[in-house]
Amino acid sequence: MGSSEIAWKLADHPKLPKGKTVAVVVLDGWGEANPDKYNCIHVAETPAMDSLKKGAPDRWRLVRAHGKAVGLPTEDDMGNSEVGHNALGAGRIYAQGAKLVDLALASGKIFEGEGFNYIKECFDQGTLHLIGLLSDGGVHSRLDQLQLLLKGAGENGAKRIRVHILTDGRDVLDGSSVGFVEALENDLLMLREKGVDAQIASGGGRMYVTMDRYENDWGVVKRGWDAQVLGEAPHKFQSAVEAVKKLREVPKANDQYLPPFVIVDKSGKAVGPIVDGDAVVTFNFRADRMVMLAKALEYEDFDKFDRVRVPKIRYAGMLQYDGELKLPSQYLVSPPEIERTSGEYLVHNGIRTFACSETVKFGHVTFFWNGNRSGCFDPTMEEYVEIPSDSGITFNVKPNMKALEIAEKARDAILSRKFDQVRVNLPNGDMVGHTGDIEATIVACKAADDAVKMILDAIEQVGGIYVVTADHGNAEDMVKRNKSGQPQLDKNGNIQILTSHTLQPVPVAIGGPGLAPGVRFRKDVPSGGLANIAATVMNLHGFEAPSDYEPTLVEVADN
Ligand SMILES: O=C(O)[C@@H](CO)OP(=O)(O)O
Ligand SMILES: [Mn+2]
Ligand SMILES: [Mn+2]
């Protein structure tokens, strides 16, 4: 259906007025968990969020932010920003990349599609390169999907395969990289036994090599390019297991930030640079941290760094990462087609929108929120503001990040009365939580809470409404737990720090002087999730949500 044929006009809400300024605050990585010393949100001073919680059950509740509630394959899948913001903005639950790739691999259709046929052309003469995140985190990629892809490529004629790995330690425990590399080596050995020349060719930690996002630091992508394409890196090893083990021995080294390395043969020559005639597949299904590499691989005119040598290759993404840019043009699995998002409806219904975060989360409240679409729907109605993030640091060093600056922008936007919706993402709980630094994460949570306070104060001044929520858990649990919920110790008796997101539910709070009397959370959507928030926000703007949206969380009691 073309955009012009869609009935964009929303029905008036029978009870709720229009014209109130609505602040939509997404705390990134802020779940609800039992209070103990590994719950940084509990330990931190968070008076603003604490006071919202007092509104339970009518004005504060929990919603689901992981697993099937956000379109992930299983209930064991933790939430993440992509699926969380997609659900928040779209108001419906879409089968997400992880699931779509599972289905395509299970049915074998992935090997029959246009994308695979395109890269297959190179199998006779060239090498197939696979680049992506090596873990079973399920946020950007999954090891079992890579394994099936490798197997299928071998069965479909690939003669020479090189894998360029990015170690994780962010969606999985730090230190787990060694086990993942060993598992991959085992698969490559099986391929070699079948006559396929298959090896790991290069590697590096995801946060230092390749997987930057939203153009925060092109140097990250360049380091990857040098290793993957040019076969050049400061560290050279003959085995990837040895590489990861050795590089982890450096004090403070961790999987997320391992330096780039290349695998060399006995004569010291890189075993797998990317050259003319080769095929490349980036096997992450999630877009944000692959778009920059996709641009470097695909764009003829590219000036973000000196690529030195630009091989003539056939390139496909696991998914198409940006539907608007049509990037990459070839892909193995079609992405979810998220359409008619709440942002697009609201703009069509006269809602003037302001969205803001700092670089590392900017695309979350814009691109992901709008169904993986960059840019405004209508620039005359919307303003998107990006505050530059610090680059080249881990955020435990500056746990306040740009929370204050984001809150000030939101405050000014609210007080200007030029906008009906002011939407922000506050990154601290998540970005600092991922460092595994508990002290810093406590500081981060306070900074996010201070920002919430500033935004709520502004809403108070203009008689507006607020909706405060989160996209998934992170900072509320910083330790790996056993089945009974106790911290799990490693073989040396140390607790294992959890750098990843969690399976916890997240809060949603509503309030503000503009909230009509009698508005409260319904009791009949007990298993509500992030996708229910879009209809809720539409109601608070005075509209009914489209009938196929997940139901609103609010009702208006007659009193
Ligand atoms: O940093 C990221 O890429 C993910 C974790 O892999 O976090 P988020 O989903 O919060 O962006
Ligand atoms: Mn997030
Ligand atoms: Mn995160």
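The model is predicted, so local features need pLDDT of at least 70 and side-chain atom pairs count only at pLDDT 80 or more, while totals for chains, interfaces and linings use all residues. Residues are numbered from 1 along each chain as its sequence is written, and chains are lettered from A and ligands numbered from 1 in the order in which they are written.

**Overall form**

- The protein contains 16 helices and 17 strands, where helices (H or I, at least four residues) and strands (E, at least two) are DSSP runs numbered from the N terminus.
- A compact globule of 559 residues would have a radius of gyration near 24 Å, and the protein agrees because its value is 24 Å; the radius is taken over C-alpha atoms, and the globule rule is 2.2 Å times the number of residues to the power 0.38.
- The C-alpha trace spans about 80 × 60 × 40 Å along its principal axes.
- Of the 559 residues, 58% count as buried, meaning that 20 or more other C-beta atoms, placed from the backbone, lie within 10 Å of the residue's own.
- Of the contacts between residues at least 6 apart in sequence, 79% join residues at least 24 apart; a contact requires C-beta atoms, placed from the backbone, within 7 Å.

**Annotated features**

- The unreviewed UniProt entry lists "domain: Metalloenzyme" at residues 20-544; UniProt annotations may be inferred rather than shown by experiment.
- Over residues 20-544, the chain is 32% helix and 16% strand, with the end C-alpha atoms 15 Å apart.
- UniProt (unreviewed entry) places an "active site" feature at Ser-81, a residue found in helix 3 (residues 81-90).
- Ser-81 counts as buried because it has 26 C-beta neighbours inside 10 Å.
- Beyond its neighbours within four places in sequence, Ser-81 is in contact with Asp-28, His-364, Phe-368 and Asp-471.

**Nonpolar core**

- The largest nonpolar core has 171 residues, and those with the most contacts inside it are Ala-23, Val-25, Ala-410, Ile-455, Val-467 and Ala-534; such a core is a set of buried Ala, Val, Leu, Ile, Met, Phe, Trp, Tyr and Cys residues joined through C-beta atoms within 7 Å.
- Helix 15 (residues 438-462) gives the most to this core, with 13 residues.
- Leaving aside its neighbours within four places in sequence, Ala-410 is in contact with Ala-23, Cys-356, Val-422, Val-424 and Ile-455.

**Helix 4**

- Buried residues of helix 4 (residues 97-107) include Gly-97, Leu-100, Val-101 and Leu-105.
- The buried residues of helix 4 pack against helix 6 (143-155), strand 9 (314-319) and strand 10 (331-333).

Definitions and conventions. Buried ≥ 20, exposed ≤ 12 C-beta atoms within 10 Å, placed from the backbone. Contact = placed C-beta atoms within 7 Å.
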